[in-house]
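Subject: Structure handover

Hello,

Here is the structure I promised to pass on. Please open it next to these notes.

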Amino acid sequence: MKHYGLIGFPLSHSFSKKFFTEKFEAEGITDSRYDLYPIEHIKDLQDLLDEHPDICGLNVTIPHKINVLPFLDWIEHDARKAGAVNCIRVTAESPIEAAFSGEIGIKDHDFRLEGYNTDIYGFEESLKPLIGDGNDDALVLGDGGAAKAVKCVLENLGIAYKVVTRKPTHHADNILFKDLQPHHIMQHKLIINTTPLGTHPNVDECPPIPYDFIGEEHILYDLIYNPEETLFLKQGRERGAITKNGYEMLVLQAEKSWEIWNSKEKHP
């Protein structure tokens, strides 16, 4: 039996477990299962892999997307650029192979951990149909782990962006929510919410932006998928904006994870 799963803490609900359990059932995949592995401290990853030697792949969620990086043997280019990993491929590796590769993550282990960011793929593929050929400037609301994939995609697509945060950061170009002005909204036609504001059960919350200046030329994208329409998206829809939630992105990133876990490709 091949084991796959999700690491993070806490893991009260999981899109991934439901998605893969249903996928395995629908596609008649009987040699695989997907479980939740709540680990509070990333240093416990090695113990998890030792206890479950049949693990072939892991998804990674809060709070480990960034702090897992030092534990990986190899990191894909865009994941390295974003500085966040949400997918790990676990492959068997002999000590001799490890010595030749010259890359050692967790010492004295006989498995190889490869890091990817499938959020990048999921977000890019779900965004492209909305933007067409236009390269309108974007506002990225929030600057946590989820924003890293979004920023990487915008850079790859040549879309200029400004990041909006609640507190000052070391990035001088960032804008504070309290300093947002109407011209910011009118100049940035693509607005992406990467914050958890509005997630179930807190459905009455939304990012504090001047919604009255949103119009039909705007696109509002929310990484949240539960509820289906957040207050952020509702405010945009009522003003004529194109809106999209994060469900398709989640499906795409999950399918990409499955593709990576089952790939035979070898990396240096």
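First, the ground rules. This is a predicted model, in which local features need pLDDT of at least 70 and side-chain atom pairs count only at pLDDT 80 or more, while totals for chains, interfaces and linings use all residues. Numbering starts from 1 along each chain as its sequence is written, and side-chain values use heavy atoms, with hydrogens and water left out.

The parallel sheet

Six strands make an open sheet, ordered S9-S8-S7-S10-S11-S12, with parallel pairing. Strands here are DSSP runs of E with at least two residues, helices are runs of H or I with at least four, and both are numbered from the N terminus. Two strands count as paired if DSSP finds at least two bridges between them. In general, strands of a sheet pair through backbone hydrogen bonds, either parallel or antiparallel.

The edges are S9 (175-176) and S12 (242-244), and each pairs on one side only. S11 (residues 219-222) runs parallel to S12 and is joined to it by three bridges. Within that pair, leucine 220 sits opposite threonine 243 of S12.

S3 (residues 55-60) and S5 (residues 87-92) are antiparallel, with three bridges between them. Glycine 57, in S3, has arginine 89 of S5 as its bridge partner. Buried or exposed: which is glycine 57? Glycine 57 counts as buried because its relative accessibility is 0%. The cut-offs are under 20% relative accessible area for buried, over 50% for exposed, and partly exposed in between (1.4 Å probe, protein chains only). Glycine 57 and glutamate 114 are 57 residues apart in sequence, and their C-alpha atoms are 9.4 Å apart in space.

S5 also pairs with S6 (residues 111-116), antiparallel, over six bridges. There, valine 90 is partnered with leucine 113 in S6. S4 (residues 74-75) runs parallel to S6, with two bridges. In that pair, isoleucine 75 has glycine 115 of S6 as its partner.

How many residues of S6 are buried? Six of its six. Both faces are covered: Phe111, Leu113 and Gly115 are buried on one side, and Arg112, Glu114 and Tyr116 on the other.

Aspartate 47 belongs to helix H2 (residues 45-51). Aspartate 47 counts as partly exposed because its relative accessibility is 42%.

Cis peptide bonds

The bond from histidine 200 to proline 201 is cis, with omega near 10°. Proline 201 is in the loop between S10 (190-193) and S11. The bond from asparagine 226 to proline 227 is also cis, with omega near 15°. Proline 227 is in the loop between S11 and helix H9 (231-237).

Best regards
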